[in-house]
Amino acid sequence: MPATIVVGTQWGDEGKGKFTDLFAKEMSLVVRYQGGHNAGHTLVVDGETTALQLIPSGVLYDHVTPVIGNGVVVDPAVLIAEVDMLEAKGVDCSRLRVSGNAHLILPYHQELDVVFERHLGQNKLGTTKRGIGPAYADKAFRIGLRVQDMMDPKIFREKLAVALHEKGPLLAKVYNRLLPDIDVIADKYLHEYYPRIEPYICDAIDLVHESLDAGQHVLFEGAQATFLDLDQGTYPFVTSSNPTAGGACTGAGVGPRDIDRVVGITKAYTTRVGSGPFPAELFDEVAEHFVTVGHEFGTNTGRRRRCGWFDAVMLRHAARLNSLSEMALTKLDILDDLDTIKVCVAYEIDGNTVTSMPYHQSDFHKAKPIYEELPGWKTDISACTERHQLPTEAQDYLRLLEAQVGVPISVVGVGPGRNQFVHWNEGS
Ligand code: GDP
Ligand code: IMO
Ligand code: MG
């Protein structure tokens with residue numbers, strides 16, 4: 001399977017980092033195709049935790065080339081800090097490659113993200129305030145600056161002047177914020193950041209296609225998730241890129257026929273950070289259980305994640321949107337202590353039972369979950385390595401999820417560590 005996409009199927013933080021790291025063992029390239037440092041991907045290897053925001057989760061292997069694709073928005077200060085953090089741990093980052101076509105996050109993007117959220121007040125989106133939305137907006141408006149612009153100081157300054165012509169007055173007059181002078185910004189990007197990033201800049205399209213042509217294995221690592229997708233998610237409570245599998249094509253420069261396999265990383269329950277509808281959300285002691293036992297606090301922002309039961313209606317939709325070949329289920333161990341486990345199999349909307357995602361936002365906002373209930377297994381599964389070691393009730397839960405979603409589960413996470421997983425694949 002030369003080309004594989006890893007995509008989050010819910011609202012993020014499913015454990016994409018953990019499984020990308022695991023799958024990367026077989027890969028030559030691991031390519032991030034969208035998002036920016038709004039992501040927080042956690043890897044746990046030999047008890048040591050590494051949290052990544054921008055650098056692809058294959059970086060811990062010597063044989064993997066981590067690639068930041070054209071669809072990513074790059075804050076160079078964060079990238080440099082991440083390289084420094086990894087190198088301080090003894091991880092060699094010299095293989096890192098950054099597409100010259102990736103867009104840059106500039107200081108006014110972050111500033112605008114912060115003041116716009118403040119302006120929205122209680123209607124805020126709950127963004128990560130990293131400048132992601134404003135950077136993608138400028139890309140679409142064609143006033144963005146790209147990584148390759150730093151290679152030509154004259155072009156960089158010209159483009160920066162065009163952007164600042166609008167951003168300066170916008171921040172000053174609408175939001176009462178002063179921006180640094182063009183010289184200050186240009187100096188930082190051209191003289192402080194560029195020399196550090198220059199060795200990594202490349203034609204990522206060439207790199208990816210040469211690797212695919214040579215029959216090597218390439219993994220496209222999604223950030224965020226299906227229901228945070230700008231087009232397919234719960235708009236406007238979404239991010240500003242396309243995490244769904246199609247985003248790997250535009251964000252890494254490959255065509256749909258290059259892709260062999262799409263793995264949907266799926267948490268055994270549901271979480272969400274930030275605002276927006278969430279039909280299966282819980283506010284009781286089970287939610288508290290998920291937060292405390294599952295450590296459901298943002299890897300990146302530290303925010304408490306909202307928690308609820310597994311939502312099979314959403315997963316059926318995610319299976320369609322991403323043409324999932326399989327699910328990799330994470331955090332099954334977090335259900336270990338529960339007496340009963342519920343799965344949302346349908347919604348009740350205005351007295352009607354609905355089994356597919358309603359397209360109208362108002363219907364989704366008022367959707368009430370209809371649950372199927374199973375007994376828990378009340379057993380510690382964190383040391384299981386073979387599928388037959390999983391308690392019968394846990395196996396029944398996995399079979400119910402597969403039947404409800406219509407997609408096989410290939411692998412199940414039973415703990416955060418790289419080796420804490422069980423191959424499930426009953427059919428194989
Ligand atoms: P990502 O953004 O999708 O990469 O996910 P995050 O790293 O933000 O959040 C997932 C969290 O769950 C991290 O702390 C992981 O170490 C942890 N994790 C991943 N898989 C498992 C699992 O199977 N069991 C447990 N207990 N933790 C897991
Ligand atoms: P990973 O890759 C969970 C959410 C934010 C907010 C919305 C928009 O770790 O799964 P943004 O800053 O992107 O404009 O915020 O998207 N969000 C995430 N939630 N995991 C993430 O990334 C997220 N990245 C953004 O909380 O609701
Ligand atoms: Mg995360």
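**The nonpolar core and its surroundings**

Reply: Let's start at phenylalanine 220, which touches Ala3, Thr4, Ile5, Val6, Val31, Tyr33, Val208, Ala248, Ala252, Val254 and Ile259, leaving out residues up to four places away in sequence; contact here means heavy atoms within 4.5 Å. Bear in mind that this is a predicted model, where local features need pLDDT of at least 70 and side-chain atom pairs pLDDT 80 or more, while totals for chains, interfaces and linings use all residues. Side-chain values use heavy atoms, without hydrogens or water, residues are numbered from 1 along each chain as its sequence is written, and chains are lettered from A and ligands numbered from 1 in written order.

Phe220 is among the residues with the most contacts inside the largest nonpolar core, together with Phe290, Leu332, Leu335 and Tyr397; that core has 74 residues. The term covers buried Ala, Val, Leu, Ile, Met, Phe, Trp, Tyr and Cys joined through side-chain atoms within 4.5 Å, buried being under 20% relative accessible area, exposed over 50% and partly exposed in between (1.4 Å probe, protein chains only). Strand S16 (residues 340-349) gives the core its largest share, seven residues; helices (H or I, at least four residues) and strands (E, at least two) are DSSP runs numbered from the N terminus. Apart from this core lies another, of 42 residues, including Leu54, Leu86, Leu96 and Tyr200.

Now the loop between strand S10 (218-221) and helix H8 (246-252), where threonine 234 sits. At 9% relative accessibility, Thr234 counts as buried, and it touches Trp11, Phe227, Arg272, Pro277 and Phe364, again skipping residues up to four places away. Tyrosine 235 and proline 236 are joined by a cis peptide bond, with omega about 5°. Glutamine 224 lies in the S10–H8 loop too; it isn't a glycine, yet has a positive phi of about 50°, and at 8% it counts as buried. Most residues other than glycine have a negative phi, and most peptide bonds are trans.

Last stop, the metal: Asp13 (OD) and Gly40 (O) coordinate the magnesium ion (ligand 3) at 2.0 to 2.2 Å. These two are 27 residues apart, aspartate 13 in the loop between strand S1 (3-8) and H1, glycine 40 in the loop between strands S2 (29-32) and S3 (41-45). Donors are N, O and S atoms within 2.8 Å of the metal (3.2 Å for Na, K and Ca), and water is not among the atoms, so sites may look incomplete. Aspartate 13 is partly exposed at 22%, whereas glycine 40 is buried at 13%.
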